[in-house]
Amino acid sequence: MQAAPPASIPSASRLASASSASSGSSGSRAPRPPSPRVLRPQTKWENLFFYQKTDVLYQLTVAFCRRFLPKFGDRTVDQMVQAARSGKQNIVEGCADGVTSTETELRLLNVARGSLRELREDYADYLKARALPVWESGHPRFDAMLSFCRAHNRLPDYEPLFDRVGDEELANLALTLCHMVDRMMTTHLKKKEADFVENGGIKERMTAARLGRRRTQNEEIAALRAEATALQAENTALQAELAALRERLGLPQAGRSSPPSAPSSPSASSGSSASSGSSASSSPSSSSPLDFLP
């Protein structure tokens with residue numbers, strides 16, 4: 001009989017490619033999109049120009065009150081120092097609270113702006129009460145002072161002036177800084193207002209984060225179910241191909257018992273009976289060893 005040609009085995013390569021494809025599909029799954037943030041990024045108030053100028057204003061006010069206002073009996077000293085301090089500290093607190101609440105941030109920044117406006121009025125009243133000029137546009141020293149304030153924000157740039165210039169210079173310097181800080185803070189508050197209108201507050205962000213996470217979970221579950229269905233269909237196809245390959249090679253199918261063996265020949269059966277008889281006669285008895293002969 002002519003031997004059957006060797007069966008081709010395409011399933012081995014298919015098994016390898018299927019295994020790598022299944023592992024690759026799970027490994028190359030699209031990354032999870034980032035969930036909406038609940039906490040807003042922390043604003044570094046030290047980098048805000050208007051905060052840097054309010055720090056200058058506080059230290060300038062302390063030096064001004066120490067040099068030009070009476071130490072006792074005048075409430076103006078406490079009011080000016082507290083207004084300068086309130087302007088600076090409310091900026092810090094507003095930026096810190098803005099991580100969770102835009103409403104609180106806007107309110108505290110506006111409190112800071114109000115305190116600095118109060119301080120501005122105190123300096124203006126000081127100049128008026130002593131008949132000292134307010135340096136405005138057209139004053140011979142106004143442009144130089146304005147350029148200096150625009151170019152410098154840090155305290156070390158102003159500290160040498162605290163004990164060197166007179167009350168007119170310090171008061172007008174403080175007035176200029178107050179006007180500049182007010183304009184900067186107004187612009188900053190408008191940006192915060194637009195951000196609040198666009199992105200909402202803490203409650204809106206928390207709701208968006210929860211809904212986004214739930215949506216992501218549902219998408220992941222749907223993707224896993226689709227992947228399981230595809231793998232099950234692929235497994236069924238591979239089992240069918242394996243069964244066809246076993247049939248071509250003449251191998252027993254998986255899960256089936258082997259075919260019954262051929263009946264034995266008479267000589268084999270007689271031999272087996274003889275062997276059983278010999279085993280039976282081997283048991284101890286009183287008969288003669290030749291009794292089994294005819």
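Mentor: A residue counts as buried under 20% relative accessible area, as exposed over 50%, and as partly exposed in between, with a 1.4 Å probe and protein chains only. This is a predicted model, in which local features need pLDDT of at least 70 and side-chain atom pairs count only at pLDDT 80 or more, while totals for chains, interfaces and linings use all residues. Residues are numbered from 1 along each chain as its sequence is written, and side-chain values use heavy atoms, with hydrogens and water left out.

Trainee: What makes aspartate 163 count as exposed?

Mentor: Its relative accessibility is 55%, and because the exposed class takes values over 50%, aspartate 163 belongs there. Arginine 66, at 49%, is partly exposed.

Trainee: Why is the pairing of arginine 66 with aspartate 163 called a salt bridge?

Mentor: The term requires a side-chain nitrogen of Lys or Arg within 4 Å of a carboxyl oxygen of Asp or Glu. The closest N and O atoms of arginine 66 and aspartate 163 are 3.3 Å apart, so the pair meets that cut-off. The two residues are 97 apart in the chain, with arginine 66 in helix H2 (residues 49-68) and aspartate 163 in the loop between helix H6 (159-162) and helix H7 (167-199). Helices here are DSSP runs of H or I with at least four residues, strands are runs of E with at least two, and numbering starts from the N terminus. By that rule, the chain has nine helices and zero strands.

Trainee: How many salt bridges does a search of the whole structure find?

Mentor: The search finds four. One of the others joins arginine 117 and aspartate 182, at 2.8 Å from N to O. This pair ties helix H4 to helix H7 across 65 residues, with arginine 117 in the former and aspartate 182 in the latter. Aspartate 182 is buried at 11%, whereas arginine 117 is partly exposed at 37%.

Trainee: Why is glutamate 105 called buried?

Mentor: Its relative accessibility is 1%, so it is assigned to the buried class, and lysine 192 is buried as well, with 11%. Leaving aside residues up to four places away in sequence, glutamate 105 touches Arg40, Thr43, Gly94, Cys95, Gly98 and Lys192, where contact means heavy atoms within 4.5 Å.

Trainee: Why are helices H3 and H4 called roughly antiparallel?

Mentor: Helix H3 (residues 75-97) packs on H4 at about 165 degrees, with the axes 8 Å apart, and that angle makes H3 roughly antiparallel to H4. Angles over 145 degrees count as roughly antiparallel, under 35 as roughly parallel, 65 to 115 as roughly perpendicular and the rest as oblique. The axes are lines fitted to C-alpha atoms over the stretch in contact, and angles between N-to-C directions run from 0 to 180 degrees.

Trainee: Which residues of H3 and H4 meet?

Mentor: Among them are Met80, Ala83, Gly94 and Cys95 in H3, and Glu105, Leu108, Leu109 and Tyr123 in H4. By class, this contact has 12 nonpolar, six polar and five charged residues, where Ala, Val, Leu, Ile, Met, Phe, Trp, Tyr, Cys and Pro count as nonpolar, Asp, Glu, Lys and Arg as charged, and the others, Gly among them, as polar.
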